[in-house]
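Please give a short briefing on this structure for someone who is new to it. Group the points by topic and keep the wording careful.

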Amino acid sequence: MNKQRPIMRVIVLTALVMIPVLLIAAPSPTGKPGSIERGRYVVKISGCNDCHTPAYAQRDGHVPERDWLTGDSLGWSGPWGTTYASNLRLKLAALSEAQWLQLAHTAQYRPPMPWFNLRAMSDGDLRAVYRYVRHLGPAGVAAPAYVPPGGAVATAVVVRFPGPPPAQ
């Protein structure tokens, strides 16, 4: 029995050493920072498709990936005027990765774009989004241009936001 103890110790120690190694080496379902796989994940969980992919929310996310991030003609109207979700596939095709990082860190878009969330993303996640969108390649057409308050809106469907509540 005493001869089996050292063998069991070796087996247990080997297992204790190998388990963390195997866990570290296992691929993450979200990918490494800066990877295309990570970019796909970030785009999905951060809600980019909700506005930048036509009918994504209405179809419960069941839009082919080839159609993702091509912008939308759905207008978002409020006191700021009417804005449209841009075609990110065309936008990022025209930018270098450094230009994208600069834009993401300094952008201050009109509603409903949560530019403050874009600014809060890590450089690794921003790089991943850039690489993923570039991986998809350019597609689609540019979204309609911004319409200032009171301007004529040519799109059929517009989401209207109320103005701020009156001052007390």
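The residues that line the largest pocket of this predicted model divide into 24 nonpolar, seven polar and two charged. The space in this largest pocket comes to about 760 Å³, and of the 33 residues in its lining, the closest to the pocket centre are His52, Ser86, Leu88, Tyr109 and Met113.

**The pocket and its surroundings**

- Two or more residues of the lining of the largest pocket come from each of the following elements: helix 3 (48-52), strand 2 (81-84), helix 4 (88-93), helix 5 (97-106), helix 6 (115-120) and helix 7 (123-136).
- His52, which is among the residues closest to the centre of the largest pocket, has its place in helix 3, and because its relative accessibility is 10%, under the 20% limit, His52 counts as buried.
- A polar atom of the His52 side chain lies 2.8 Å from the backbone oxygen of Ser86, and Ser86 is likewise listed among the residues closest to the pocket centre.

**A residue of helix 5**

- Leu101 lies in helix 5, and with a relative accessible area of 9% Leu101 is buried, because buried means under 20%.
- Although Leu101 and Tyr130 are 29 residues apart along the chain, their C-alpha atoms are separated by 8.7 Å.

**Backbone features in the loops**

- The peptide bond that leads from Pro111 to Pro112 is cis, with omega near 5°, and Pro112 has its place in the loop between helix 5 and helix 6.
- Ala55, which is found in the loop between helix 3 and strand 1, has a positive phi of about 65° although it is not a glycine.
- Leu69 lies in the loop between helix 3 and strand 1 and, although not a glycine, has a positive phi of about 65°.
- Leu69 counts as buried because its relative accessibility is 0%, and buried means under 20%.

Definitions and conventions: Residues numbered from 1 in each chain as written. Predicted model: local features only at pLDDT ≥ 70, side-chain atom pairs only at ≥ 80, totals over all residues. Heavy atoms only, no water. 1 Å grid on protein atoms, 1.4 Å probe; cavity = no way out; pocket = protein on both sides within 12 Å on 5 of 7 lines; lining within 4 Å. Points joined across faces, edges and corners; volume = space filled by probe spheres on them. Helix = DSSP H or I, 4+ residues; strand = E, 2+ residues; numbered from the N terminus. Nonpolar A, V, L, I, M, F, W, Y, C, P; charged D, E, K, R; others polar. Buried < 20%, exposed > 50% of the residue type's maximum accessible area, 1.4 Å probe, protein only. Polar contact = N/O pair within 3.5 Å; in protein donor to acceptor, adjacent residues only side chain to side chain.
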